[in-house]
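Here are my notes on the model you asked me to look over. I went through the chain contact and then one of the sheets.

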Amino acid sequence: METNNKPLLEMENFHIYFRDRKKRLPAVSGVNMTIHPGEIVGVVGESGSGKSVMSQSILRLREHEADVEYEGSVVFEGQEILKLPLAQMQSIRGNRISVIFQDPLTSLNPVLTVGKQMEEVLILHKKMSRQDARARSTELLRLTGVPYPERCVRQYPYELSGGMQQRVMISMALACEPSLLIADEPTTALDVTIQNQILRLLSELNQKLGMAILLITHDLSVMAQICHSVRVMYLGQIVEEAKTEELFDNPMHPYTQGLLDCIPHLDVDREKPLHVITGTVPPLSQIPVGCHFCTRCPYATEQCRKNEPPAVEISPGHRVKCWNPRMGNEKKREENAI
Amino acid sequence: MREPLLEVKGLKKRYPVYGPLGKLFKPVNHMNAVCDMCLALYEGETYGLVGESGCGKTTTGRAILGLIHPDEGEILYGGKDLAKLSDKEMRPLRKEIQLVFQDPLSSLNPRQRIGSLLEEPLIIQKIGDGESRRRAVIDILEKVGLAEEHYFRYPHELSGGQVQRLGIARALIINPKLIICDEPVSALDVSIQAQILNMLKRLQKEMNLSLLFISHDIGVIRYISNRIGVMYLGSLVEEAETEQLFEKPLHPYTQALFSSVPDLSAGRRKPEILEGERPMRTDEFMGCVFHTRCRYATDRCRTEAPRMREVSPGHKVACHNE
């Protein structure tokens, strides 16, 4: 993959605040992220880590429902997104950047046939005629592996299975050949066997169409399957970023290590208790000073509780936001000593 | 051979499927949610029931508790057939069989304080007096890792993991023998999931509980269960001790299910991808439940349903050509 070409999306010191009466709650604090064309970037984190808010803010989908404030900059294809008038946003949404959500059934219109809703996108953005739009919709459904696309366009969303609905969502998202697809937990509502079909589809589309994908999930194993690089988020910050292989082979941040350890893998010793990250994610109103993870970190020191750690580049492309990052093998040695 | 604590034999539950005009006309077909389901659960063990959504694992769990009335089959518990009992006759038995839900918050009355929520099962079962009940509540709070200060709080004040602890406490307070856990950790974050699993394992030992653990997560099932049953389309396709099953899965569905779990430590191994989707099991459905997606399927598989047979001690599989 080329990395020296111009980035597709560049976030710099991106902050998102929710206004709650007098307080400002920081949902995302100071995220830097670059996505290159054709790259699959994964963002992983527990619920409340700000991953969905961040991805939806790229499309500025949050402004209608809550009092949101942005700081920093998000540049997409050379345009500063945060300063665009909403009318102009409309020409980016669904056209240059598309999004698919976790629950396909609630994102599809229940009273329109699949064909009608797909044509809508094409007629609006591509100014196609209805006949052309219909033909293109069928073609798109075929591309995403829907078995009988001619029949599918005449069906209503509820008539389809979960996996098929998600395929329809993906075809719709692809309608205008976007350069970036945001997939927010696209497989969480699906069964494992169907999940793998959808992930393979996303990865094929990425190769075939060269479309970049921002994949948001809470499931590390989904990341491992298709992402080129991974960002780990905790309480609105990226705590670790690296190429996928590097992150799984050599996790440095105590939070990443904890996340990897507490999953009951198929080779875990069933007699031993599972590794746990103690405590819970604190609410946004109680974010600790210093390192955000210090309240749950087993290695936290005085320094961690006072000052926020900088993101340090350990090896090319591998950044960790921690005062005392530890090597994976160093941790193993400690465990053996105990 | 030990006597099983609970035995399910030939359980069947059908649901009508209506045409486009709904209940105006007779059902056009029937869907078999559970069909010829058999399982035995022994005292003190954890039996894991694993399968994809819609395979009938929840229906089985609910039928055992009498929350769904099965169309056919027997559910034997302590010499009684639970399937034939009326709701009133079932009530005293609920003292011994309890349920933990996936989403405990929706199963708790939001206007009741935690103390009274926990006391309720004791009142219904007429156990103890006011003072001893209060002591029992405080006792159980501590057991599941909540504190006495939670007594006067409301359920919505708790975090997701704490609510699940409360759900478990509510099932445990009347000292049941058998607990049916229906996806108890699926709605939780991984770091909280590990806490709850560790706790369930500890409490099971302490209180000598038998668990029927229902989940779609293979890693979770493997960690918590002694024996595992794999369900597909309303029937059990394979059953074995945990080690046995993971060492040598015999049914093609079990193999596909296991290989679909991405293995983080082994790196970027591409999982085997199972093509197609689950069909509907109508009355006309013939042959092996898995034949539509199985790559080894023969003509025999399409016409004749394989029976469960024991291949090695304790390891049963329903397949013509394992």
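1. A:Thr193, A:Leu266 and A:Arg270 supply 23% of what chain A buries against chain B, more than any other three residues.

2. A caveat: this is a predicted model, where local features need pLDDT of at least 70 and side-chain atom pairs count only at pLDDT 80 or more, while totals for chains, interfaces and linings use all residues. Residues are numbered from 1 along each chain as its sequence is written, chains are lettered from A in the order written, and side-chain values use heavy atoms, without hydrogens and water.

3. Contact (heavy atoms within 4.5 Å) takes in 39 residues from chain A and 39 from chain B.

4. Two salt bridges cross the interface (a Lys or Arg side-chain nitrogen within 4 Å of an Asp or Glu carboxyl oxygen). In one of them, A:Arg200 pairs with B:Glu275, closest N and O atoms 3.2 Å apart.

5. Chain B has an open, mixed sheet of eight strands, ordered E6-E7-E8-E3-E9-E10-E12-E11 (strands are DSSP E runs of at least two residues; pairing needs at least two bridges). Its edges are E6 (97-100) and E11 (309-312) of chain B.

6. E10 (235-241) and E12 (315-317) of chain B run antiparallel over two bridges. B:Glu238 sits opposite B:Val317 of E12(B).

Key. Buried area = accessible area lost by both parts, 1.4 Å probe. Helix = DSSP H or I, 4+ residues; strand = E, 2+ residues; numbered from the N terminus.
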